[in-house]
Structures are given as structure tokens and as C-alpha cells.
There are 2 protein chains.
Amino acid sequence: MANSAVARVGRDAISETLGREIVDGAHRSGAVLTLESLQQRFGVSRTVARDSVKVLESHGLLYSKRRIGLVVTAAKHWDVMSPSVIAWRLASADARGAFIELTQLRIAVETEAAALAAARRTEVQAHQMLDLAATMRRLGESEQLTEFITADIAFHRLMLEAGGNSMFAALADVVAEVLSGRTQHGLMPTRPMPEALDAHDGVARAIADQDPREARRYMEVLVDEVRSALEE
Amino acid sequence: MANSAVARVGRDAISETLGREIVDGAHRSGAVLTLESLQQRFGVSRTVARDSVKVLESHGLLYSKRRIGLVVTAAKHWDVMSPSVIAWRLASADARGAFIELTQLRIAVETEAAALAAARRTEVQAHQMLDLAATMRRLGESEQLTEFITADIAFHRLMLEAGGNSMFAALADVVAEVLSGRTQHGLMPTRPMPEALDAHDGVARAIADQDPREARRYMEVLVDEVRSALEE
DNA sequence: TAAGTTCTAAAGGTGTGATGTTTGGTTCTG
DNA sequence: CAGAACCAAACATCACACCTTTAGAACTTA
């Protein structure tokens with residue numbers, strides 16, 4: 001039953017492919033596709049083509065119009081906070097731009113998240129944060145970069161979740177992406193700076209002490225470093 | 001061809017209804033629906049039922065599993081930043097909780113956005129911001145609350161867009177929602193405080209002056225007010 | 001010539017029946 | 001009792017028919 005003429009492809013793969021193409025600019029805003037063309041191209045039935053389109057449509061990448069077809073939407077209407085769109089942008093030609101925007105978002109959210117975490121953290125979370133800060137220091141000073149980043153990600157995720165704001169928590173994956181991407185984008189020294197280690201410590205202690213103001217202050221230090229790295 | 005037994009309902013209305021129900025907790029995490037049950041309930045064909053499900057699926061509210069059906073996802077997996085989900089949450093029983101989270105997000109993003117706008121604004125945007133700040137003062141002092149809020153929304157939207165970060169710009173609608181919702185949630189005095197007017201002025205001037213540090217400082221003033229209102 | 005009207009065909013929307021595919025459960029067997 | 005074999009449920013996909021909307025062409029008319 002293999003289709004020899006066309007690379008037969010699963011349902012998700014189609015929206016995945018099209019999503020990447022649109023975000024990548026392969027189809028300009030206003031460009032028109034048709035279900036028929038998708039059926040041809042991917043060798044699938046109308047049902048599957050429509051399913052894929054539905055996904056893209058609900059992320060705002062296109063909309064379908066009778067008698068016209070599938071109209072690609074301008075970037076300003078994309079659901080740019082959705083994990084799928086973020087992933088597509090990070091895989092696009094403008095990955096760097098996306099990365100910078102994500103970093104700016106992270107910077108914005110994390111100072112507030114630190115303060116929130118200080119106000120809301122549980123006892124267990126407080127201990128975990130202190131532990132992670134200590135781990136980061138140890139790994140950072142012995143230059144075990146991979147393990148360091150893992151701990152760093154866990155630290156930030158925990159902090160974002162401890163604040164009790166689900167929208168902040170939802171950014172944990174984004175932050176993880178940004179943190180592990182920093183090395184590729186030359187935004188990270190091979191050896192974590194002592195100031196950064198101190199600041200992580202400070203944040204953890206402030207959160208444990210339930211001191212939002214202090215937590216914010218230390219997080220500002222971290223974030224300032226990232227900002228200046230961004231401006232190079 | 002009207003279906004008399006069941007209230008026949010359009011395609012979008014179904015995902016809308018189900019989305020609200022799930023977000024509202026009417027279907028717990030792990031609950032299972034079937035396409036068949038949706039067809040029955042809404043009096044639609046499989047095609048339409050599947051379309052609706054696809055939308056919910058791409059926002060992470062459920063996933064479909066063979067031999068099982070449509071499984072409602074835990075809240076932590078929802079695409080909580082997507083405009084649809086935000087709207088559903090704001091229409092749910094926990095609207096207040098959603099509103100608070102959105103406000104926290106707004107607070108987080110806007111300080112950073114002010115600084116970004118100062119760095120990136122065009123000449124035209126600088127003038128518009130100054131104008132809007134002046135308009136807000138006039139309307140605020142004459143207690144024209146409705147018009148004031150309109151100007152307020154325009155001000156914040158412009159600022160968010162001026163920074164050039166598409167993720168910040170995407171929050172403009174959310175911020176608009178929060179700003180106009182403040183009155184309903186008792187987070188806003190009937191007469192804008194003079195300090196708030198001054199701060200808006202300050203932000204506008206700093207952005208016009210391309211002074212990120214100052215823009216951030218004034219925005220902090222605004223945001224501090226909102227924070228304290230939130231803590232009551 | 002310009003403006004309005006009618007018509008038509010293109011493209012998505014919806015409905016249905018048949019068939020494929022996965023997979024949780026059940027039953028059978030050694 | 002463990003594991004293999006089997007079954008049936010529910011979604012996945014396909015094919016096809018028909019409905020609905022609507023951009024644009026053709027046509028009319030002032």
C-alpha cells in the first residue's frame with residue numbers, strides 16, 4: 001500500500017512542516033494554499049490535510065476562506081507564545097532573533113517570578129532551591145558545564161513553579177531552551193562567573209527567607225548580566 | 001434539515017463550549033470523552049466533532065488516544081498563554097485567579113518593555129506616546145473614566161509594540177483585557193491617581209528621550225501601584 | 001462609461017460509510 | 001500463574017457526494 005510517487009507523511013508531520021515553512025517565510029503573508037495542493041504534495045486525503053490545517057489555524061498561522069483557500073497570516077497575528085510556534089521560530093532562519101526575544105521575555109518574567117516565589121514557596125521548595133544553588137556552585141567551580149546547565153535549568157524551573165502563577169510556570173520550558181541555547185549563541189562564558197553563582201545563592205536564600213524584595217534584587221543582578229551579554 | 005432533538009451548533013461553538021468546560025473544571029484531568037458522545041451531544045457529524053477536538057488538542061486541553069477516546073489533560077499542560085485559553089479562563093469560575101495571574105504577567109513584562117521601547121522607538125512613536133500621556137492626564141483629571149481607559153490601553157499597546165519584541169507585542173491584548181477589567185475587579189480607583197498620571201508622563205518622556213533606565217524607573221512606579229492593589 | 005445586477009465556478013465545509021490501525025482487556029493455554 | 005493469542009473499542013484515514021459561500025466575470029442598464 002506504499003505510495004511510491006509522493007513521500008507519504010503522517011498527520012503531525014504535515015503541520016510541523018508547514019508550520020516551519022510559514023514561520024520561516026517560505027510562504028509570505030497573504031500567500032494562498034489549497035487543500036488540494038496539500039493533498040497532492042503530501043499524498044494524503046482531504047481529512048488529513050484539513051486536520052493539519054486546523055492546527056495551524058488555531059495557532060494563527062493561517063485561516064481558511066471559502067472560494068479562496070488557505071491564506072497565510074501576517075506574523076503579527078501568530079500565536080507567538082505557543083510552544084509550537086516558539087519551536088518553529090527557533091528552527092527557522094531567524095532562530096537568533098527568536099532567541100533574543102525569548103531571552104528578553106525570560107528577563108522580564110524572572111525578576112517578578114523570584115519575588116513571587118519568595119512569597120509563595122513551600123518549605124520543600126525552599127530547601128530544593130538552596131540545594132540547587134549549592135550544586136550549581138560546585139559544578140560551576142569545577143567547570144562541569146553540561147551538568148551545571150542541567151542544575152541551572154532545574155533551579156529556574158523550580159523558581160518559576162514556586163510562585164504559583166501558571167503562566168510563569170509555563171515559561172519553564174522556554175527558559176530551559178534559552179539556558180541551554182546560550183552556549184550556541186555565544187552568550188555564555190565557558191566558566192560561570194562567580195558573581196552569577198553568588199546571585200543564584202542570593203536568590204535561593206532570599207526565597208528561603210521569604211524576602212521578595214531581596215529575591216528580586218539578586219535576580220536583577222543575574223538578569224543584568226544577561227542583558228549586557230545581549231547587547232554585544 | 002433542522003435537527004429538532006438536539007440544539008444544533010456551529011463548528012466553533014463546540015470547541016468554545018468544550019474549552020470553557022474543561023478550563024472550568026467540568027471535566028477533570030484524565031476524564032475521557034468520545035467523538036461519538038460529542039456527535040450526540042451537539043448533534044453534529046464526525047467531521048465537525050473532530051474539527052473541534054483538533055482545536056482543543058492543539059491548545060493542549062486534551063489529546064486523543066486510540067481505543068480510549070479523548071483524554072482531558074492536566075492543567076499544567078495547557079497552552080496557558082494562548083489567547084483562546086486565556087479567554088476561557090477569564091470566563092471560568094476562577095476568572096479572578098486568571099485575572100491575577102495575567103496582572104502579574106503584565107507587571108513582569110511591562111517594566112522590561114518600557115526599557116526596550118526607549119531603546120527602539122521610532123520618532124513617530126515617541127510623539128504618539130507623549131500625546132497619549134497628555135490625553136490621559138486630561139481625561140483622568142476630568143474623570144472621564146471610559147475614555148481614560150481607552151487612552152490607557154492605547155498607551156500601553158504602543159509601548160509594547162515600540163520595543164520590537166513580538167512576544168511583548170502579543171501581550172497587548174492581554175494588557176488591554178487587564179486594564180479594562182480592573183474596574184470590575186476593584187483594582188482601580190474611580191479617579192486615576194495623580195501619581196499614576198505623572199508616571200505615565202514620565203514613561204513617555206523617558207521613551208522619547210531614549211532613556212531606558214528612566215523609562216524602567218517610571219514604569220516601576222506604575223507597576224508598584226498595581227502590585228499593592230493586588231495584595232489587598 | 002460607470003455602476004449595479006446576475007451568474008458561475010472554485011474552494012472550503014459537512015455528512016457518511018467503509019476500512020485501517022492501535023491497544024487495553026480478556027481468554028486461552030502450557 | 002505467566003505468557004501468548006485473540007477480540008473489540010475507539011480513533012485515523014480514505015473516498016465520495018453534496019452543501020454553502022463568494023470572488024470575479026459577464027451582463028444590464030442608467
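This is a predicted model: local features need pLDDT of at least 70, side-chain atom pairs count only at pLDDT 80 or more; totals for chains, interfaces and linings use all residues.
**View 1. Glu141(A) is partly exposed, with a relative accessible area of 44%.** Residues are numbered from 1 along each chain as its sequence is written, chains are lettered from A and ligands numbered from 1 in the order in which they are written, and side-chain values use heavy atoms, leaving out hydrogens and water. The side chain of Glu141(A) meets that of Arg137(A) in a salt bridge of 3.5 Å, N to O (a side-chain nitrogen of Lys or Arg within 4 Å of a carboxyl oxygen of Asp or Glu). Both residues belong to helix 6 (residues 123-141) of chain A, where a spacing of 4 residues separates Glu141(A) from Arg137(A) by about one helical turn. Helices (H or I, at least four residues) and strands (E, at least two) are DSSP runs numbered from the N terminus. Arg137(A), at 23% relative accessibility, also counts as partly exposed.

**View 2. Within helix 5 (residues 95-120) of chain A, Glu110(A) and Arg106(A) lie 4 residues apart, about one turn of the helix.** A salt bridge joins Glu110(A) to Arg106(A), with the closest N and O atoms 2.7 Å apart. Both Glu110(A) and Arg106(A) are buried.

**View 3. Salt bridges also involve Arg121(A) and a network that includes residues of chains A and B.** Arg121(A) and Glu123(A) meet through their side chains at 3.8 Å, N to O. With a relative accessible area of 8%, Arg121(A) is buried. The network links Glu112(A) and Arg216(A) with Asp224(B) and Arg227(B). Over all chains, the structure holds 33 salt bridges.

**View 4. Thr73(A) occupies the loop between strand 3 (69-72) and helix 4 (83-90) of chain A.** Thr73(A) counts as buried because its relative accessibility is 11%. Its side chain reaches the backbone nitrogen of Leu62(A) at 3.2 Å. Apart from neighbours within four places in sequence, the residues in contact with Thr73(A) are Ser29(A), Gly60(A), Leu61(A), Leu62(A), Tyr63(A) and Trp78(A) (contact means heavy atoms within 4.5 Å).

**View 5. The charged end of Arg217(A) sits over the ring of Tyr218(A), 4.8 Å from its centre.** In chain B, the charged end of Arg217(B) sits over the ring of Tyr218(B), 4.8 Å from the ring centre. The criterion places NZ of Lys or CZ of Arg within 6 Å of the ring centre and within 35 degrees of the ring normal.

**View 6. Around DNA strand C there are 23 residues, of which Arg46(A), Ser45(B), Arg46(B), Arg66(B) and Arg67(B) come nearest.** A residue is near the strand if one of its heavy atoms lies within 4 Å of it. Helix 3 of chain B gives the most to this surface, with 4 residues. A polar side-chain atom of Arg46(B) lies 2.5 Å from a base oxygen, and one of Arg66(B) lies 2.9 Å from a sugar or linking oxygen. Of the atoms of DNA strand C within 4 Å of the protein, 56% belong to sugar or phosphate, and the rest to bases.

Notes
Buried means under 20% relative accessible area, exposed over 50%, partly exposed in between (1.4 Å probe, protein chains only). A polar contact is a pair of N or O atoms within 3.5 Å; within protein, one must be able to donate a hydrogen and the other to accept it, and residues adjacent in sequence count only if both atoms are side-chain atoms.
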